[in-house]
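Subject: Structure for your review

Dear colleague,

Please find below the structure that I am handing over to you.

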Amino acid sequence: MHLRLGEIDNVIVSSPEIAKEFLKTHDIIFASRPSLISSEIGCYGNTDIAFAPYGNYWKQLRKICTQELLSTPRVQSLRPIREEEVTDLCKSIAHNAGKPINLTDKISQVSYDIMVRACLGKKSDEKSLFTKIVREGLQNVSVFDIADVYPSIKLLLHLFTDLRRRVEKHHEQLDTIMGKIIDDRKRASAVKIDEGEKQEDLLNVLLKLQSGVSLEHPLTNDNIKAVLMDMFGAGVDTTTSVVDWTMAELLKNRIILKTVQDELRQVFDDKGRVDESNFDELEYLKLVIKETFRFHPTVPLLLPRESREPCQINGYDIPAKTRVLVNAWAMGRDPKYWNDAQSFKPERFLEKSVDFKASSLEYIPFGAGRRMCPGTIYGPVIVEFQLAMLLYHFDWILPDGMKPEDLEMTEVFGVASRRKQDLYVVPIVSRPLLV
Ligand code: HEM
């Protein structure tokens, strides 16, 4: 579908066949991103991974991301952080057992805590403030800015809205805190692991690259800040959304909830605790997570692409600078590809083998092609661990006699899709925490 919004041509792709043309066959032409007001300001002039234009600088960052920051060994090395943070979450839930809790808020907070420690090291008041400001700031990114579709008069339009001012204010606050954290770390020696943490955080990895190897594009402090901002921007709301949607679907579908809890308890009852080393045995939980990615894709329109040169797709001329939005949500519910597409049915993946690597274009929760998500190892591990802990240790009931069919499943639009209402639920301890 072609849509002219303001001065910008947009193409919205909703079929896997056409998505293949954009994201596979002609991927190199659509491997750039449009520059948006929020990304220009918040991502240091689009020098992050997610919004950098396609080219050598982006290739360098992407390589650092896949080989250093989000590789399998790195994700493994960050395991103690997620274990400690999710254990703390479960302790606080156990403390409130029998009473309704806002589970959405707790999941969101733990996702931030995991990412702040992974990126910046041990917790501190300064980092709590940083988390608070990032949380507020990400809401601005989700807001549509009219100036993004009228670039020729954006300065004039910004006289009438305060979005730009708000984004700038948040950016300045974050920049100051990150600048101070980087300076402190450099003073304390860039190669020393943050005191109190057993594993190396991502800031340290980036500082070592900055001072050590010779890179085609030497990394400035602002480049490092931009990359770290991506880890928060792309890694926190996404994982929160998946855990939240999964819990909501399980509360609605009690038989699926029981099946997944039976599996977890069968695998972990001998140890009395959840252990990532046994995650290969969690076949049903993996099916449930896959189904959440299909039914509630976290980034429903992926991130926008922009054509770098004119081209022809399916007989249509696509001019340069056309924005492309790929509707992963619609493709995940296309009845041509999915039986009973409007139902939450994890078992469908027993017969249909799909992966997170976009081998089938009707299932692309992490995007496809050159710009696909580099967090396909880290994201699912965080999600799986949180869900395994919440579902192993606790039984869950809806508050105030609420019935599963009353549970509100409306979505709100944002970078990451989320449920309109926070999930309130009553935890009952089933398997006490051993620590
Ligand atoms: C369950 C979790 C996640 C989901 C569903 C998800 C999904 C996505 C999607 C759909 C895109 C756009 C891909 C495209 O345009 O084709 C993306 C991009 C990206 N994601 Fe993720 N993501 C998740 C977790 C993470 C995590 C944990 C990180 C890092 C800590 C991360 C970092 C990024 C980055 C840096 C990009 C931009 C890539 C580029 O433009 O080259 N994501 N993600």
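Please bear in mind that the model is predicted.

I begin with the two helices. Helix 10 covers residues 202-211 and helix 11 covers residues 221-252; their axes come within 11 Å and cross at roughly 150 degrees. Angles over 145 degrees count as roughly antiparallel, and helix 10 and helix 11 are therefore roughly antiparallel to each other. The crossing of helix 10 past helix 11 is right-handed. On the side of helix 10, the contact is made by Leu 202, Leu 203, Leu 206, Leu 207 and Gln 210, while helix 11 contributes Asn 221, Ile 224, Val 227, Leu 228 and Met 231. Of the residues in this contact, eight are nonpolar and two are polar, with no charged residue.

Helix 11 also holds Met 229. Is this residue, Met 229, buried or exposed? Its relative accessibility is 13%, and because buried means under 20%, Met 229 counts as buried. Leaving aside residues up to four places away in sequence, Met 229 touches Gly 42, Phe 130, Val 134, Leu 174 and Met 178. Pro 16 lies 213 residues from Met 229 in sequence, and the two are 31 Å apart in space, C-alpha to C-alpha.

Finally, the ligand contains an iron atom, whose only protein donor is Cys 373, through SG at 2.3 Å. Cys 373 is located in the loop between helix 15 (348-351) and helix 16 (378-393).

Yours sincerely,
A colleague

Definitions and conventions: Residues numbered from 1 in each chain as written. Predicted model: local features only at pLDDT ≥ 70, side-chain atom pairs only at ≥ 80, totals over all residues. Heavy atoms only, no water. Axes fitted to C-alpha atoms, helices over the stretch in contact; angles between N-to-C directions. Helix = DSSP H or I, 4+ residues; strand = E, 2+ residues; numbered from the N terminus. Parallel < 35°, antiparallel > 145°, perpendicular 65-115°, else oblique. Left-handed = near helix turned anticlockwise from the far one by under 90°. Contact = heavy atoms within 4.5 Å. Nonpolar A, V, L, I, M, F, W, Y, C, P; charged D, E, K, R; others polar. Buried < 20%, exposed > 50% of the residue type's maximum accessible area, 1.4 Å probe, protein only. Donors = N, O, S within 2.8 Å, 3.2 Å for Na, K, Ca; no water.
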